[in-house]
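Me: I would like to go through a protein model step by step. Please show it, and then I will ask about single parts of it.

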Amino acid sequence: MTKYLISIIGPTAIGKTALSIKLAQHFNTEIISADSRQFFKEMQIGTAAPTQDELSGAKHHFIHHKSIHDNYSVGAFEKDAIETLENLFKKHDVIIMVGGSGLYVDAVTKGLDDFPDIDPQIREGLNKMLETEGLESLQKQLKELDETSYNTIAIDNPHRIIRALEICIGTGKPYASFLSKPKKQRSFKTITVGLTADREIIYNRINKRVDIMVEEGLLQEVKNLIPFKNLNALNTVGYKEIFNFYNEEWTLDFAISEIKKNTRRFAKRQLTWFKKTENTLWFDYETNTNIIIDSISKKIKK
């Protein structure tokens, strides 16, 4: 019996969580999360993690299973996720995966790309450059060396920028050129379902979500994390902007407007990444769930 992973992709705030729960209930199965920000238990409001009601709607894996103090890489996630899937497929023919982190989704469905070993001094030099010249200088260098990666990876994440740059510098080839190698074979088939909407609708949904996060206590959540603000996990949208407010660098209104702006930019990069996923069943975000289920069932029967 062929096993199927239904991977739900799309930009942030589009409704992936709600759809994943409806699909899990229909197929009587479980959900694994591929949203790298929702792994951390200290970050709940600012990552729009599933609520307790949503979590009770279906069994979830990889939600708040790590601490911001843990060093958890995409490679470790790939290993853990495949191991979890192997166990879940013993009792289910269909598993749901949901998440907006394109690299983490691809790690499960295709496997990570193999990169050559790079001289550690290159990374040391890039880290020093980050300290002395700031993230913008690294972003500029990546744009010059590999515009494809500049347009698709999370350029607000220093770790991702440095990783791409060290490959570019160490090999003399674009980081993106290593992403097109043959992928690992998986023991399951993936059916990818994408949710989308007009850009204006996506942006309005993002703006509304940020306002809700503030109402639900985002400021207090970030305030509690101030002692750890230098940790890599917290160098992310929704947290770094409020840190600037608490540092008295920005007003609260400006910090909130920057969260909205940076989240909209993130959504744009998500769409760029996900549009490359072949054979995706794309649906408008308001599509009736039964229509989506029907399309998935037809794919499975084929």
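Me: Is Tyr-104 buried or exposed, and what is its relative accessible area?
Reply: This is a predicted model, where local features need pLDDT of at least 70 and side-chain atom pairs count only at pLDDT 80 or more, while totals for chains, interfaces and linings use all residues. Residues are numbered from 1 along each chain as its sequence is written, and side-chain values use heavy atoms, with hydrogens and water left out. Buried means under 20% relative accessible area, exposed over 50%, and partly exposed in between, with a 1.4 Å probe and protein chains only. Tyr-104 is buried, with a relative accessible area of 7%.

Me: In which helix is the place of Tyr-104?
Reply: Helices are DSSP runs of H or I with at least four residues, strands are runs of E with at least two, and both are numbered from the N terminus. The place of Tyr-104 is in residues 102-109, helix α4.

Me: Which residues does Tyr-104 touch, not counting residues up to four places away in sequence?
Reply: Contact means heavy atoms within 4.5 Å. Ser-36 is 68 residues away from Tyr-104 along the chain, yet their C-alpha atoms are separated by 7.1 Å. With residues up to four places away in sequence not counted, Tyr-104 touches Ala-34, Ser-36, Phe-39, Tyr-72, Ser-73, Val-74, Phe-77 and Arg-160.

Me: Over how many bridges do strand β1 and β4 pair?
Reply: Leu-5 stands opposite Ile-95 in β4, and the bridge partner of Ile-6 is Ile-96. Strand β2 (residues 31-33) also pairs with β4 in the parallel sense, over 3 bridges. For strand β1 (residues 4-9) and β4, the parallel pairing runs over 5 bridges.

Me: How many residues of strand β4 are buried?
Reply: In a regular strand the side chains alternate between the two faces of the sheet. On one side of β4, Val-94, Ile-96 and Val-98 are buried, and on the other Ile-95 and Met-97 are buried. Strand β4 (residues 94-98) is largely enclosed by the rest of the structure, because the buried count is 5 of the 5 residues.

Me: Which residues have the most contacts inside the largest nonpolar core?
Reply: A nonpolar core is a set of buried Ala, Val, Leu, Ile, Met, Phe, Trp, Tyr and Cys residues joined through side-chain atoms within 4.5 Å. The largest one has 69 residues, and those with the most contacts inside it are Leu-23, Phe-77, Leu-85 and Val-108.

Me: Which helix gives the most to this core?
Reply: The core in question is the largest nonpolar core, with 69 residues. The helix that gives the most to it, with 7 residues, is α12.

Me: What is the relative accessible area of Arg-269?
Reply: Arg-269 is found in helix α12. Leaving aside neighbours within four places in sequence, Arg-269 is in contact with Asn-151, Thr-152, Ile-153, Ala-154, Ile-155 and Asp-156. Arg-269 is buried, and its relative accessible area is 12%.

Notes:
Two strands pair if DSSP finds at least two bridges between them.
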